[in-house]
Number of protein chains: 2
Amino acid sequence: MSDAGVQILGIPGLPEVKPGDALGALLLEALRRIPIQVRRGDILVLAHKIVSKAEGRTVPLATVTPSPLANSWAREWGRDPRVVELALSQSRRIVRMDRGVLLAETSHGFVCANAGVDLSNSPEGMAILLPEHPDRSAAGIRACLTETMGVDLAVIITDTFGRPWREGQVNVAIGVAGGMPLSDYRGSKDGFGRTLQATCIARADEIASAAELVMGKRRRVPAALVRGVRLEAGPGGGSNLVRPPERDLFR
Amino acid sequence: MSDAGVQILGIPGLPEVKPGDALGALLLEALRRIPIQVRRGDILVLAHKIVSKAEGRTVPLATVTPSPLANSWAREWGRDPRVVELALSQSRRIVRMDRGVLLAETSHGFVCANAGVDLSNSPEGMAILLPEHPDRSAAGIRACLTETMGVDLAVIITDTFGRPWREGQVNVAIGVAGGMPLSDYRGSKDGFGRTLQATCIARADEIASAAELVMGKRRRVPAALVRGVRLEAGPGGGSNLVRPPERDLFR
């Protein structure tokens with residue numbers, strides 16, 4: 001850690017992103033307007049919605065025909081059957097479907113409400129899906145920015161997930177490029193020289209949460225720059241944050 | 001959000017905390033040595049270990065007599081039976097006890113591995129428990145600092161928890177004083193003027209995660225100062241982050 005600690009800046013001024021937009025170019029322009037100059041090691045954090053919109057991962061609700069399951073569930077719990085239908089279509093496994101909560105495992109392996117299908121901060125009547133390959137999306141944006149700016153940065157794409165046992169949602173990393181999402185301390189020493197047994201920190205999730213502090217749902221600041229912390233070098237992406245079924249006690 | 005965004009500074013230089021130490025006074029001294037002056041609205045984030053140590057919430061393992069359950073479980077999974085015994089003693093409900101993982105609900109309602117009993121960053125042969133009343137601990141430290149410094153700040157006490165479905169651990173808030181741990185946006189408008197239905201952000205958890213970026217298990221920096229984000233004014237503490245049983249799909 002440098003003496004300056006960690007700094008997190010919101011990146012305002014992005015236009016409403018539309019399918020087919022070159023998100024890298026839009027980000028580049030927005031980055032030119034923030035009060036600091038991007039430098040090597042900075043981490044660009046993006047709300048997945050702008051990525052999904054640029055990639056055309058949006059669905060007009062009017063085009064969705066709910067199945068009988070979606071209809072009956074939606075009726076029982078006062079939900080929009082078209083959103084339920086979309087959520088089912090984005091799921092590879094339903095984890096819980098109870099008390100109005102549809103918790104699903106997405107094709108990526110993420111476990112989240114409505115399989116990540118969301119209506120907030122989207123144009124009227126339009127649902128936003130998760131990016132199809134968030135790690136690939138992150139890598140693409142990183143490649144574009146690194147090449148254009150000549151600065152090597154990492155990119156984290158986020159979504160806001162609920163958690164069991166705890167109230168409220170937090171921002172987590174669903175796509176990561178430019179470093180490893182986990183900081184594995186197992187085998188290294190603590191402050192007393194004792195070997196750490198179990199400590200493996202989900203650094204990319206913590207950075208996603210930190211970035212949310214300046215992003216916020218209401219403010220239309222869908223991007224942030226994080227300085228002063230690095231992802232450890234190495235391969236890997238947001239998919240490494242998905243716990244494999246054999247280690248999962250909550251399937 | 002100010003133009004400076006959010007800033008997170010580690011607070012180094014705390015001595016090894018011992019039972020009975022006046023933690024407020026130690027923090028005061030350490031805060032005097034950081035390069036910025038504490039000001040109103042700053043949030044002081046503390047790893048619970050220094051709080052537990054000051055409060056004498058440590059147990060010499062040599063004094064623990066494991067029960068038959070602790071012994072057999074520990075033997076089966078290669079754990080220390082005294083740690084298992086302590087974990088059972090700190091639990092009000094066992095959530096999962098499988099594949100070497102003992103996941104328990106603590107007396108506070110937190111669901112975490114070993115009911116929060118931990119050996120890392122503790123003197124040899126000494127286990128650290130969670131503070132008995134983390135919200136009260138946070139309020140006490142806040143009162144001490146606010147009075148001595150004449151500056152109103154918030155205090156968050158943290159621990160590192162694992163999560164279902166996701167690899168790695170993240171820092172979360174277990175004690176909060178000086179603001180509300182949740183930012184409830186339900187009923188407010190998104191960037192499109194649509195009413196947000198489900199967004200309630202666990203701000204204190206995100207701040208805890210952000211602070212971990214400068215704290216770290218290996219570096220012996222058990223405290224951080226977070227500037228540029230506020231907890232919403234109001235009553236409430238870390239206990240508000242515990243989901244009540246009737247809303248919990250994962251009991």
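Visitor: Which residues of α1(B) meet which residues of α5(B)?

Guide: In this predicted model, L23(B), G24(B), L27(B) and L28(B) of α1(B) meet I141(B), C144(B), L145(B), T148(B) and M149(B) of α5(B). The residues of this contact divide into seven nonpolar, two polar and no charged.

Visitor: What makes β1 of chain A and β1(B) a pair of strands?

Guide: Pairing requires at least two bridges between the strands, and strand β1 (residues 6-10) of chain A and β1(B) have three, in the antiparallel sense; therefore they count as paired. I8(A) has V6(B) as its bridge partner in β1(B).

Visitor: Why is the relation of chain B to chain A that of a two-fold axis?

Guide: Chain B is superposed on chain A by a rotation of 180° with 0.0 Å of shift along its axis, at an RMSD of 0.0 Å, and that is why the relation is the one of a two-fold axis. The same surface serves both copies, as 100% of the contact residues of chain B recur in chain A.

Visitor: How many residues of chain B are in contact with chain A, and which element gives the most?

Guide: 58 residues of chain B are in contact with 58 residues of chain A, and α6(B) gives the most to the side of chain B that touches chain A, with eight residues.

Notes: Residues numbered from 1 in each chain as written. Chains lettered and ligands numbered in written order. Predicted model: local features only at pLDDT ≥ 70, side-chain atom pairs only at ≥ 80, totals over all residues. Least-squares fit on C-alpha atoms with pLDDT ≥ 70 in both. Contact = placed C-beta atoms within 7 Å. Helix = DSSP H or I, 4+ residues; strand = E, 2+ residues; numbered from the N terminus. Nonpolar A, V, L, I, M, F, W, Y, C, P; charged D, E, K, R; others polar.
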